[in-house]
Amino acid sequence: MNYSENNTTEEIKDIDFKILQHKNIISVMDFDEKVLRTLFHSSDLIKEKMEINNSVELTNKLTIGCLFFEPSTRTMCSFQAAAYKLGGQAIVINDTKTSSVSKGESLSDTIKCLECYCDIIVLRHFEKNAMQEAIEASNIPIINAGDGDGEHPTQALLDLYTIYKEHGKINGLNITFVGDLKYGRTVHSLILLLCNNYKVNINLVCPNVFGERYLDLPSKYMEFIKEKGCNIKYYTSIDEVINETDVLYMTRIQKERLTQFTEKDLQQEYKLCLKKYHLKCAKENLIIMHPLPRVDEISTEIDNDPRAVYFKQMKYGLYVRMALLSLII
Ligand code: NCD
């Protein structure tokens with residue numbers, strides 16, 4: 001596939017496999033068209049090899065350290081799997097109660113420990129400034145696997161790859177984000193990545209919760225969308241926008257970041273759920289995405305609709321993360 005929408009033929013040929021070597025992956029703002037082209041070209045090569053051999057051996061023996069201070073299923077397992085399938089290893093600390101963190105060891109010292117045993121550290125943390133602290137402490141690359149309600153760059157990269165694979169292009173698409181746009185870090189990263197590199201139309205579906213658009217996208221992201229010349233429209237229900245949507249990006253409520261409300265309050269207030277009837281007036285080539293985990297914002301009756309790509313998205317994620325690790329190493 002040609003991953004270049006705005007460039008000349010000369011630039012399209014320009015793939016630089018060293019472009020991410022020894023780099024930290026902290027924000028999608030570091031990904032321009034050239035880096036994306038290299039990453040997705042590598043992801044395609046890995047996908048092809050994986051479909052034949054179910055592994056891709058690297059010449060360098062890679063060891064990654066996964067340091068997770070927040071729960072994770074997909075991100076952690078797919079990074080682990082990515083390392084194994086590249087012929088490498090993964091060291092995992094995901095229960096900080098059983099590591100020296102529980103004895104009071106600082107993030108910096110924990111990073112300095114892992115750096116003795118690993119080539120790359122994949123870090124998920126509940127605080128936004130944790131990534132900066134980790135970079136300062138580390139002599140090996142750090143990959144941000146989610147920093148509180150900030151960013152989740154590798155999820156946005158796999159989301160973008162999914163859109164390319166399913167739609168074959170990005171420019172001009174109507175992309176509708178639904179749910180917790182305030183705390184959803186995957187939404188933040190994908191919006192930044194899209195608007196920084198493409199001309200897309202962004203629709204924000206934010207229900208009224210506690211009498212207002214409480215879970216709306218923070219204004220700094222809204223400003224960014226406008227600054228980059230992308231269109232932005234606001235809705236309160238999926239019904240209003242489903243017929244014109246090319247990509248429907250569903251998200252769950254980040255209840256762990258809404259600690260001022262009880263789960264019961266949130267359930268009563270938040271009633272947005274994608275149901276089969278919505279798809280009656282949707283485009284044939286709509287794709288429905290979700291970073292997962294799903295709670296109850298997508299009815300399971302949709303899972304077998306060919307437009308539901310949220311399970312496929314996870315498989316694409318493995319290829320993109322394998323490509324990332326191999327390009328960094
Ligand atoms: C997301 C996350 O952790 O931000 N999950 C993921 O990594 N696939 C989304 C979420 O937890 O809602």
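**Salt bridges up close**

**View 1. Glu57 and Lys61, an exposed pair.** Glu57 is exposed, and Lys61 is exposed too (exposed means over 50% relative accessible area, buried under 20%, and partly exposed in between, using a 1.4 Å probe and protein chains only). The two residues form a salt bridge, with their closest N and O atoms 3.5 Å apart. For a salt bridge, look for a side-chain nitrogen of Lys or Arg within 4 Å of a carboxyl oxygen of Asp or Glu.

What you're looking at is a predicted model, where local features need pLDDT of at least 70 and side-chain atom pairs count only at pLDDT 80 or more, while totals for chains, interfaces and linings use all residues. Residues are numbered from 1 along each chain as its sequence is written, and side-chain values use heavy atoms, with hydrogens and water left out.

**View 2. Asp216 meets Arg213.** Here the side chains join in a salt bridge, at 2.6 Å from N to O. Asp216 counts as buried, with 13% relative accessibility.

**View 3. Arg252 with Glu256.** This salt bridge has its closest N and O atoms 2.8 Å apart. Arg252 sits at 14% relative accessibility, so it counts as buried. Glu256, on the other hand, is partly exposed, with a relative accessible area of 40%.

**View 4. A network of salt bridges.** Three names to find in this one: Glu70, Arg185 and Arg257, which salt bridges link into a network. Zoom back out, and the structure holds 13 salt bridges.
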